[in-house]
Amino acid sequence: MNQPDRQQDLPPPYEIESSLPTRFPRGWFCIGAAYEFTNEPVQLDYFGTSLVAYRGQDSGKLHILDAFCPHMGANLADGCVKGDSVICPFHEWSWGSDGFCDDIPYAAKIPTKARIKSWPTMEINELIFIWNDPDGGAPIKEQEIPLNEEVAEPGWTPWIIRRVPVGNNARELIDNMADKAHFGPVHGLPSVDKFVNISEGHTYIQLQETTHEALGHAKSCATYYGPGYMIHSQSTTGGTQHESNRFMSLVMNAPTSLGSFEFLAGFKYRIPEGMEDDRDAQINHVNEMVDEFADRGVFADLHIWKNKVPINNPILCDGDGPVIRLRQWYDQFLVPVDQVPASMKERKIYDKSEPRIEWPANMIME
Ligand code: FES
Ligand SMILES: [Fe+2]
């Protein structure tokens, strides 16, 4: 490897530039599996505020409102659901799913100001999503989360979602998509044979092929739809540890503050033979598989994210993936809609399949 001539070329110690974005990203954020939300109101803490989520009794639809009642400040998550409204526990003002107060049991007239924020939601792929736009814009039609046909196939277990709080900005997690060089040291993969990133509009795709003696040859496709939701499917063949296997995972973030996010990891496996009618056994099976691979799967990055500094000016080398391109893609969610460059819609392919990366054996985690 060529190194600078230390006698003649002495650069000063590099100064890391570190700062956080000044606003939350715009887009759809997944907050969990559909079955996790019921008629019982629950408090959520995202985007620097508190929210209440509940399913309407009439519609079955998931509604999300600001959590605190503007009458005298009680927490609507301590209330109850009636029809599609949530009833405040303090004086029983009733708040409709559109955020308007629709009943006050002891008043003749509802104050005209009695409205709280109602957050757009969508339910698809057995998951719940919330729309966030710091400028107050409605969901963007083209950015709706699409139906994933693999999820819709019969024969999958339910999603298992695990949540971990991380005290860092969510951009640190996004970097993973382009970070070709971390798969050996962090995830224990001895070689990345193919590594392609595709940026197009609000989507960003990572195609990857890897080889591991125990896990076999893996083909994976991971796609971000907007800044918070990444769905990934992988099939492996030829490993010694398991028979050919197919699974899907979710790598997601929901910002809690500008310097923290909730990491949500989701997993779905093919239902093993004999477990077709036993949902509890399916859930146990997924949990066992997740635990078995936890130290080299999606949780392996956590200690890095938790302890790293955000770096605006990384020193990159030719073997790295398109980290800067990925960050430019992510930046579109951090500016108002009318400031997103038109070129962002173009399909751009970054093929970093060569050179092939081989890590020394002592860097491989077993
Ligand atoms: S504080 Fe909610 S009804 Fe009074
Ligand atoms: Fe990673």
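Two strands are taken to pair if DSSP finds at least two bridges between them. In this predicted model, strand S6 (residues 85-87) and strand S7 (residues 94-95) meet that criterion, with 2 bridges in the antiparallel sense. Within this pair, Val-86 has Trp-95 of S7 as its bridge partner.

The S6 and S7 strands belong to an open sheet of 4 strands. The order in this sheet is S5-S6-S7-S8, and the pairing is antiparallel.

Strand S3 (residues 49-55) is joined to S4 by 5 bridges, and the two run antiparallel. One of the residue pairs linking them is formed by Ala-53 and its bridge partner in S4, Ile-64. S3 and S4 form a hairpin with 6 residues between the strands. In this hairpin, Gly-60 adopts a positive phi near 75°.

S4 also pairs with strand S9 (residues 118-119), to which it is joined by 2 bridges, again in an antiparallel arrangement. Here the bridge partner of Ile-64 is Trp-119 of S9. Strand S4 itself (residues 62-66) is mostly covered, with 4 of its 5 residues buried.

Key: Residues numbered from 1 in each chain as written. Chains lettered and ligands numbered in written order. Predicted model: local features only at pLDDT ≥ 70, side-chain atom pairs only at ≥ 80, totals over all residues. Buried ≥ 20, exposed ≤ 12 C-beta atoms within 10 Å, placed from the backbone.
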